[in-house]
Number of protein chains: 2
Amino acid sequence: MSKNFEVATLLDYYGMLLTDKQREAVEYYYNDDLSLGEIAENLEISRQGVRDSIKRAEAILFEAEEKLCLLKNSRKLEEGLKIIREKIDVIDDLNIKRYRSNDINESIKIILAELEKLGEM
Amino acid sequence: MSKNFEVATLLDYYGMLLTDKQREAVEYYYNDDLSLGEIAENLEISRQGVRDSIKRAEAILFEAEEKLCLLKNSRKLEEGLKIIREKIDVIDDLNIKRYRSNDINESIKIILAELEKLGEM
């Protein structure tokens, strides 16, 4: 069974769509790097049961991303916010060095606070 | 059976998590305002079957939102982008009327393009 490390990232987004057993198996496997045998022992199920749980969980995670695009959209959001923040810094810098407008300064502060909030989403 | 119109909105976000039959039943009921009897005729299932499909679909939609918060986050994103756009307009206006900086103008153009892209997400 080969590991696809995208799974660990998808787990952050869609972990709540899995059953407890599926989520535990995937976490042990991808986050804690346990072997199928070790996971089987921890969950008190067969090695084949672990394998099946992980396979099923992976299918659910990839299907969820294909349908809902949370990861793709989150990356898009991150990129967009980064560009906006860079350009706000350019304006801020020009304002500090040249124009010294309090109104621009106030607007920049509010924009930065909003960017911060959106970055935490 | 009472109608909760949040369902129509959730359908836009999570419709792909439903089976074809569930989605069709909910669309007929919420978007086209058909009666259970009319939907039963269209889908060639019983009235009770329609009722069950809609109830099951509603449960899936609300559970998906509770777990994934797509609608809640989309509203947050919309609000944040609106505030940023308003403050960019303030800066743009000041720049046009007072400072006439090409560098600020260029940065604003790029920011507005990014805001537009994020608004379409």
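The dialogue below goes through confidence, fold, core, symmetry and interface.

Tutor: Begin with the conventions: residues are numbered from 1 along each chain as its sequence is written, chains are lettered from A, and ligands are numbered from 1, in the order in which they are written. This is a predicted model, in which local features need pLDDT of at least 70 and side-chain atom pairs count only at pLDDT 80 or more, while totals for chains, interfaces and linings use all residues.

Student: What pLDDT does chain A average?

Tutor: pLDDT is the predictor's confidence in each residue, from 0 to 100. Chain A averages 94, and 100% of the residues score at least 70. The model scores are ipTM 0.79 and pTM 0.80.

Student: How many helices and strands does chain A have?

Tutor: Helices (H or I, at least four residues) and strands (E, at least two) are DSSP runs, numbered from the N terminus. Chain A has six helices and zero strands.

Student: Why is chain A described as more spread out than a compact globule?

Tutor: Compare the radius of gyration, taken over C-alpha atoms, with the globule rule, 2.2 Å times the number of residues to the power 0.38. For the 121 residues of chain A the rule gives 14 Å, but the radius is 22 Å, well over that, so the chain is more spread out than a compact globule. The C-alpha atoms of chain A fill a box of roughly 70 × 25 × 20 Å along the principal axes.

Student: Which residues have the most contacts inside the largest nonpolar core?

Tutor: In soluble globular proteins, nonpolar side chains tend to be buried together. A residue is buried if 20 or more other C-beta atoms lie within 10 Å of its own, exposed if 12 or fewer, and partly exposed in between, with C-beta atoms placed from the backbone. A nonpolar core is a set of buried Ala, Val, Leu, Ile, Met, Phe, Trp, Tyr and Cys residues joined through C-beta atoms within 7 Å. Here the largest has 33 residues, and A:A25, A:V26, A:Y29, B:A25 and B:Y29 have the most contacts inside it. Helix 1 (6-14), helix 2 (20-31) and helix 4 (47-68) of chain A, and the helices with those numbers in chain B, each supply at least two of its residues. Apart from it lies another core, of 16 residues, including A:L81 and B:I84.

Student: Is A:E44 buried or exposed?

Tutor: A:E44 counts as exposed, because it has 7 C-beta neighbours inside 10 Å. A:E44 sits in the loop between helix 3 (36-43) and helix 4 of chain A, and has a positive phi of about 55° although it is not a glycine.

Student: What rotation superposes chain A on chain B?

Tutor: Two copies of a chain are related by a rotation about an axis and a shift along it. The superposition is by least squares on the C-alpha atoms of residues with pLDDT of at least 70 in both copies. Here the rotation is 180° with 0.0 Å of shift, at an RMSD of 0.1 Å. That is the relation of a two-fold axis. In chain A, the C-alpha nearest the axis belongs to A:Y99, 3.6 Å from it.

Student: How many residues of chain A are in contact with chain B?

Tutor: Two residues are in contact if their C-beta atoms, placed from the backbone, lie within 7 Å. By that test, 26 residues of chain A are in contact with 26 residues of chain B. Helix 5 of chain A gives the most to the side that touches chain B, with twelve residues.
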